[in-house]
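User: I have a chain open and want to go through how its pieces pack. Can you take my questions as they come?

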Amino acid sequence: MAAAERGFGARAVEEVQLTSDSQPHTGLRTVVLTMLALVAFAANSILCRMALGDAAIDAPSFTLVRLASGAATLACILAAVGGWRKQVTSGSWSSAAMLFLYAAAFSFAYLSLSAGTGALILFGAVQVTMILGAIRAGHFPSVLEWVGLVAAMAGLVYLVSPGLTSPPLVGAGLMAVAGCAWGVYSLRGRGTLDPLADTAGNFLRSLPLAVALSVAASFAMYRVSWRGLLLAVLSGALASGVGYVLWYAALRGLTATRAAIVQLSVPLLAAVGGILFLSERISFRLTMASVLVLGGIAIAVASRRRDIGPKR
């Protein structure tokens, strides 16, 4: 995410880090914006699970309403800053396709996954995709980065391995697809000069694909209630649209490394939200997988910062 375009931890694995890594701007404003953005990202998992777990809406309709409300919200924000026309000309169809794939797979995955489990698989898949993208771009990982990457992948494998408390394989696979799609979307968005406009444009371009999916699936699984629509709108407008804007603002006061590290809290916030709002339980398997995935990513990010730091 320099912002949504760069994914939850994209900046931590880019070849070029922010020059402000050694001189961060701190303050209460940054702390508040960061906390609100992270809560918004975690809320996406809660809202989607609330809507789909209770069959208040079908997955294709949730995807369509989420993307449409996100596009509308971002259009309003662009209009407020005098650049609403950018939504039509910004972004790309290939990035929009990745955004749609992420959103659709995310929705279908939450038909069977708990909020915390889904967020952990999503977050892990995004981070692993971003790290692999950096490797493909020519960055040779250090020993600690390899250790972190292997630990994170081992955590994901352990989470979905057969057992009484393992998540449904189809749901886990769909969420992994969602994470990979978001990772590719993030890689494609590196270097964007106007992330807000590009994100708004990609949301707008994703709508025809969402409409096609909704129409194709309407005869087989159509189900819409006012509660389901409300949850989908909240997910798109607040947790996605406003959440991204908050994150853009927070990034002005965060170093690249801090931005990656603080996002480790998203799956944990989603798990807590699942306990509070969905009466979900945290299993030993999820706890251990979280330690491996989040710990491994933290090791990889920290070692990357050390490798790019000033030489003395």
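Analyst: One definition before the packing angles: axes are lines fitted to C-alpha atoms, for helices over the stretch in contact, and angles run from 0 to 180 degrees between N-to-C directions. Also, this is a predicted model.

User: OK. At what angle do H1 and H2 pack, and how far apart are their axes?

Analyst: The angle between H1 and H2 is about 140°, and their axes are 10 Å apart. Angles over 145 degrees count as roughly antiparallel and 65 to 115 as roughly perpendicular, with oblique for the rest. H1 is therefore oblique to H2. The crossing of H1 and H2 is right-handed.

User: Which residues in H1 and H2 meet?

Analyst: From H1 there are Asn-44, Leu-47, Cys-48, Ala-51 and Leu-52, and from H2 there are Ala-59, Phe-62 and Arg-66. By class, the H1 contact with H2 has 6 nonpolar, 1 polar and 1 charged residues.

User: Back up a bit. How many helices and strands in the chain?

Analyst: The chain has 12 helices and 0 strands. Along the sequence the pattern reads α-α-α-α-α-α-α-α-α-α-α-α.

User: And what share of the residues is buried?

Analyst: 54% of the 312 residues count as buried. As for contacts with a separation of 6 or more, 90% of them come from residues 24 or more positions apart.

User: Which residues have the most contacts inside the largest nonpolar core?

Analyst: Leu-67, Tyr-102, Phe-106, Tyr-110, Met-175 and Trp-247 have the most contacts inside that core, which has 73 residues. Helix H1, residues 28-53, supplies the largest share of the core, 11 residues.

User: Pick Tyr-110. What is it in contact with, sequence neighbours aside?

Analyst: Leaving out neighbours within four places in sequence, Tyr-110 is in contact with Ser-45, Cys-48, Arg-49, Leu-52, Gly-53, Ala-115, Gly-118, Ala-119 and Met-175.

User: Moving to H5. At what angle does H5 pack with H11?

Analyst: H5 (residues 115-136) and H11 (residues 265-278) pack at about 165°, with axes 7 Å apart. H5 and H11 are therefore roughly antiparallel to each other. Their crossing is right-handed.

User: Which residues make the contact there?

Analyst: H5 brings Ala-115, Gly-116, Ala-119, Leu-120 and Phe-123, while H11 brings Pro-267, Ala-270, Ala-271, Gly-274 and Leu-278. By class, the H5 contact with H11 has 8 nonpolar, 2 polar and no charged residues.

User: And H5 against H7, what angle?

Analyst: H5 packs with H7, residues 169-188, at an angle of about 40°, and the axes are 7 Å apart. That makes H5 oblique to H7. The crossing of H5 and H7 is right-handed.

User: Which residues in H5 and H7 meet?

Analyst: The H5 residues are Gly-118, Ile-121, Leu-122, Ala-125, Val-126, Thr-129, Met-130 and Gly-133. In H7 they meet Ala-172, Met-175, Ala-176, Ala-178, Gly-179, Cys-180, Trp-182, Gly-183, Val-184, Ser-186 and Leu-187. The classes in the contact of H5 with H7 are 13 nonpolar, 6 polar and no charged residues.

User: What about Leu-246, which helix is it in?

Analyst: Leu-246 is in helix H9, residues 226-251. Not counting residues up to four places away in sequence, Leu-246 touches Leu-33, Leu-36 and Ala-37. The C-alpha atoms of Leu-246 and Leu-38, 208 residues apart along the chain, are separated by 9.1 Å.

User: Last topic, backbone angles. What is phi of Ala-55 near?

Analyst: Phi of Ala-55 is near 55°, which is a positive value in a residue other than glycine. Ala-55 sits in the loop between H1 and H2. With a relative accessible area of 34%, Ala-55 is partly exposed.

User: And Ser-279, what is its phi near, and where does it lie?

Analyst: Phi of Ser-279 is near 55°, a positive value, and the residue is other than glycine. Ser-279 lies in the loop between H11 and helix H12 (284-308).

User: Buried or exposed, Ser-279?

Analyst: Ser-279 counts as exposed, at 64% relative accessibility.

Key. Residues are numbered from 1 along each chain as its sequence is written. This is a predicted model: local features need pLDDT of at least 70, side-chain atom pairs count only at pLDDT 80 or more; totals for chains, interfaces and linings use all residues. Side-chain values use heavy atoms; hydrogens and water are left out. A nonpolar core is a set of buried Ala, Val, Leu, Ile, Met, Phe, Trp, Tyr and Cys residues joined through side-chain atoms within 4.5 Å. Buried means under 20% relative accessible area, exposed over 50%, partly exposed in between (1.4 Å probe, protein chains only). Helices (H or I, at least four residues) and strands (E, at least two) are DSSP runs, numbered from the N terminus. Contact means heavy atoms within 4.5 Å. Angles under 35 degrees count as roughly parallel, over 145 as roughly antiparallel, 65 to 115 as roughly perpendicular and the rest as oblique. A crossing is left-handed if the near helix is turned anticlockwise from the far one by less than a right angle, and right-handed if clockwise. Ala, Val, Leu, Ile, Met, Phe, Trp, Tyr, Cys and Pro count as nonpolar, Asp, Glu, Lys and Arg as charged, and the others, Gly among them, as polar.
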